Amino acid sequence: MGLRGCDSKEIDVKSGEKLVIVGCSGSGGPAAMLAKKLMPEVDVTVIRKEEFFIVR
Amino acid sequence: MAGLATGQSIVVADKMLEGAGIGVVKGEVTRIDPVAKNVFVSGGDLFSYDKLYLATGASPIMPPIEGIDLDGVMTLRGLPDAEKIKSRIADKEVVNIVLIGAGFISMEIASLLAENMERKLNITVVEFMNRTLPLMLDKDMADLVQSYLEDKGLGILTNQKAEKLLGRNGKVTGVLLGSGETLDADMVVVNVGARGNVELAEQIGLEMGRFGIKVNKYQETSDPDILAGGDCVEKINFITRKPTPGRLRGPAVMQGRLAAKRLAGYDVEFPGVLDAGGCKMFDMTVSATGLSEEHAAREGFETVSATVDSRSKHAMIPGMKPWKIKLVFDKKTQKLLGGQIVSHAVAPAREIDAVTAFILAGKTIAELTTFTSACNPDISSEPSAEPITIAAEQALQKLHQLGRS
Ligand SMILES: Cc1cc2nc3c(=O)[nH]c(=O)nc-3n(C[C@H](O)[C@H](O)[C@H](O)COP(=O)(O)OP(=O)(O)OC[C@H]3O[C@@H](n4cnc5c(N)ncnc54)[C@H](O)[C@@H]3O)c2cc1C
């Protein structure tokens, strides 16, 4: 598997599709919040092993 | 840690996520099947995905020295670690504390413990390199920090390696240094760096770099349906364009938001990192961005630098505190490479963000000599003492003199 070039266009997640985020702290939390804001029709789930969503 | 922020106050309530319509699952992802596009969670649950974002963070590196498993040897990454340190310190018999590594985490723990404990603690920081905050500061700036902390009663031992942790009945009792000296220790806190949590990524065969998962400027990994960001990915240094760990909160947040934008069809690229960071110890605040003089030299730059003293307010205003900035420029292109601030007030340390913006914009020495800052007697130095401008003027003068000699 090679890294996809920066010109790849087929990355968008479509309405009704599922975005799963592993980890919900510094990066996963903001990713989830903005993904849901920009794509309300996308099903967003965060999975984290820490008890809480903490800010370090 | 200090009791300044309670455990609950640093927790971002799941209600906020759930209120936004985000599903929150507590559990450890143990396996990913990138072909069937399934994520397996401990306890047996399975989640299917169309797109996956990996933000698994990093874990502290515990050096493989003898005694590292003794009771009383700790590190700090998350809330449970902070609770462990606090409960250990509640034991009145804990008096001698040794911190290994003089990065920002150790330095903040050391000062918070010294500042907030009712009883006197003997706190010593042991650092392998020749200075405190070695990834942020050059020796000349770090020396200011060291003497300030020594005046506050902390012991700082640089150029010293912790060879071995000593113990009795399974409990830590001391630290043997490379010099042969032994430090008494009832508690040892080790913070010498972190390693990305990349086991899941490795398991599914994502392309890896030296410092974590390899991603392109859009946070895309080598699997078209998997993006990644934060401490688990390798970053690119904005100046050197070389791979770097870049494990700080700013890049983690921005990469998360960038991945969301990418998935929503926006075309914004991640520019690379400058490792801009800050650290507060007692009433001293340190911030840094870009390359230090030492780092720049290691990267082959010939540099010209300037260090300037400034004031948090106009000189006649009560409460004025001193601060110092060092700027490092590339002699060849005259572009700004980095900045370091050591300040006795919090606000001036934020001037580092201006330095970051100037580096990102490719500003040169000459251009910075005409920088005009927002000025007010209560919130800034006099414009005539604005240290970025003065540092640039000094650098310009140095170059001018070199040109004439
Ligand atoms: C004590 C301390 C103080 C810091 N202070 C600063 C600071 O002042 N400024 C700064 O810029 N940076 C600071 N940092 C660094 C900053 O916290 C990190 O760079 C940032 O948190 C990285 O965000 P992340 O989302 O990549 O990783 P993390 O915040 O570590 O989050 C990782 C997430 O992944 C989850 N996870 C991991 N593996 C799995 C799995 N298999 N299954 C499910 N979930 C999983 C974890 O539970 C967690 O939710 C500090 C770090 C520490 C340790």
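**Exercise 1. Is A:M39 buried or exposed, and what does it touch?**

*Step 1.* Start with the number: A:M39 has a relative accessible area of 2%. Buried means under 20% relative accessible area, exposed means over 50%, and partly exposed is in between (1.4 Å probe, protein chains only). So A:M39 is buried.

*Step 2.* Now find its place: A:M39 sits in the loop between α1 and β2 of chain A. (Helices are DSSP runs of H or I with at least four residues, strands are runs of E with at least two, and both are numbered from the N terminus.)

*Step 3.* List the partners, skipping neighbours within four places in sequence: A:M39 is in contact with A:V13, B:A260, B:L263 and B:A264. Contact means heavy atoms within 4.5 Å.

*Step 4.* Check one pair across the chain: A:M39 and A:S15 are 24 residues apart in sequence, and their C-alpha atoms are 7.6 Å apart in space.

Before you go on, a word on the ground rules. This is a predicted model, where local features need pLDDT of at least 70 and side-chain atom pairs count only at pLDDT 80 or more, while totals for chains, interfaces and linings use all residues. Residues are numbered from 1 along each chain as its sequence is written, chains are lettered from A and ligands numbered from 1 in the order in which they are written, and side-chain values use heavy atoms, with hydrogens and water left out.

**Exercise 2. Where is B:Q255, and which residues does it touch?**

*Step 1.* B:Q255 belongs to helix α6 of chain B.

*Step 2.* With a relative accessible area of 2%, B:Q255 is buried.

*Step 3.* Leave out residues up to four places away in sequence, and B:Q255 touches A:S27, B:Y53, B:Q219, B:G229, B:G230, B:V233, B:K235 and B:F270.

**Exercise 3. Where does the ligand lie, and what surrounds it?**

*Step 1.* The ligand lies between chains A and B. It is surrounded by 28 residues, and the closest are A:S25, A:S27, B:V29, B:R77 and B:D231. (A residue is near a molecule if one of its heavy atoms lies within 4 Å of it.)

*Step 2.* Pick out polar contacts, meaning pairs of N or O atoms within 3.5 Å. A ligand oxygen is 2.8 Å from an N or O atom in the side chain of A:S25, and a ligand oxygen is 3.0 Å from a backbone N or O atom of A:E50. A ligand nitrogen is 2.8 Å from a polar backbone atom of B:V29.

*Step 3.* Ask how much is covered: taken alone, the ligand exposes 990 Å², and the protein buries 89% of that. (Accessible areas come from the Shrake-Rupley method with a 1.4 Å probe.)

*Step 4.* Bring in the elements: β2 (43-48) of chain A, with α3 (104-116) and α6 (249-263) of chain B, each give two or more residues to the shell.

Conventions:
Polar contact = N/O pair within 3.5 Å; in protein donor to acceptor, adjacent residues only side chain to side chain.
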